[in-house]
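Here is a note to read beside the model. Keep the structure open and check each point as you go.

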Amino acid sequence: MCRSIKTLRPPATPEATDEDIRAAALQYVRKVSGFRAPAAHNREVFDQAVDAVAAATQDLLDGLQIRGSTPRQHTHS
């Protein structure tokens with residue numbers, strides 16, 4: 001579906017940054033909504049969706065167990 005979203009889990013990406021996670025979330029919300037940049041009246045809900053997807057992505061990456069490593073500990077900013 002979202003071909004421009006790269007894999008963020010190790011070993012494909014040794015350390016996904018907050019920017020990497022936000023970019024993936026933005027691509028996902030753009031694809032699902034059909035808007036590259038939403039109109040002003042949709043901006044708030046669009047931004048909330050990006051935040052929610054980014055948070056869910058961080059939770060997923062934090063919880064994944066990769067063979068030969070320990071789960072990552074990340075503090076949300």
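By about how many helical turns are Arg 43 and Asp 47 separated in helix α2? Point 6 returns to this pair.

1. **Ground rules.** This is a predicted model, in which local features need pLDDT of at least 70 and side-chain atom pairs count only at pLDDT 80 or more, while totals for chains, interfaces and linings use all residues. Residues are numbered from 1 along each chain as its sequence is written, and side-chain values use heavy atoms, with hydrogens and water left out.

2. **Overall make-up.** The chain has 2 helices and 0 strands. Both terms refer to DSSP runs, numbered from the N terminus: helices are H or I with at least four residues, strands are E with at least two. Of the 77 residues, 22% are buried. Buried means under 20% relative accessible area, exposed means over 50%, and partly exposed lies in between (1.4 Å probe, protein chains only). The chain exposes about 5700 Å², and carbon and sulfur atoms supply 54% of that area. Accessible areas come from the Shrake-Rupley method with a 1.4 Å probe; for residues, only the protein chains shown count as cover. Now take the contacts with a separation of 6 or more: 47% of them join residues 24 or more positions apart. A contact means heavy atoms within 4.5 Å.

3. **The core.** Which residues form the largest nonpolar core? There are 10: Leu 8, Ala 16, Ile 21, Ala 24, Ala 25, Val 29, Phe 46, Val 50, Ala 54 and Leu 61. Two elements give two or more residues each, α1 (18-33) and α2 (43-63). A nonpolar core is a set of buried Ala, Val, Leu, Ile, Met, Phe, Trp, Tyr and Cys residues joined through side-chain atoms within 4.5 Å. Look at Ala 24 in particular. Beyond residues up to four places away in sequence, Ala 24 touches Ile 5 and Leu 8.

4. **Helix α1.** Its length checks out. Which residues of α1 are buried? They are Ile 21, Ala 24, Ala 25 and Val 29. These four cover an arc of only 130° around the axis, which puts them on the same side of α1. The arc is that of the directions from the helix axis to the C-beta atoms. The buried residues of α1 pack against α2. After α1 comes Gly 34, with a positive phi near 80°.

5. Val 29 sits in helix α1. Its relative accessibility is 8%, so Val 29 counts as buried. Leaving aside neighbours within four places in sequence, Val 29 is in contact with Gly 34, Phe 46, Ala 49, Val 50 and Val 53. Next, find Thr 57 in helix α2. Is Thr 57 buried or exposed? At 18% relative accessibility, Thr 57 counts as buried. Not counting residues up to four places away in sequence, Thr 57 touches Leu 8 and Ile 21.

6. **Salt bridges.** The whole structure holds 3 salt bridges. A salt bridge is a side-chain nitrogen of Lys or Arg within 4 Å of a carboxyl oxygen of Asp or Glu.

Asp 20 pairs with Lys 6, the closest N and O atoms being 3.8 Å apart. Asp 20 lies in helix α1 and Lys 6 in the segment before α1, so this pair ties together parts 14 residues apart in sequence. Asp 20 is partly exposed at 21%, and Lys 6 is partly exposed at 48%.

Asp 51 pairs with Arg 22, at 2.5 Å between the closest N and O atoms. Asp 51 belongs to helix α2 and Arg 22 to helix α1, so the bridge ties together parts 29 residues apart in sequence.

Arg 43 pairs with Asp 47, with the closest N and O atoms 3.2 Å apart. Back to the opening question: these two are 4 residues apart in helix α2, so about one helical turn separates Arg 43 and Asp 47. An α-helix has 3.6 residues a turn, so residues three or four places apart point the same way.
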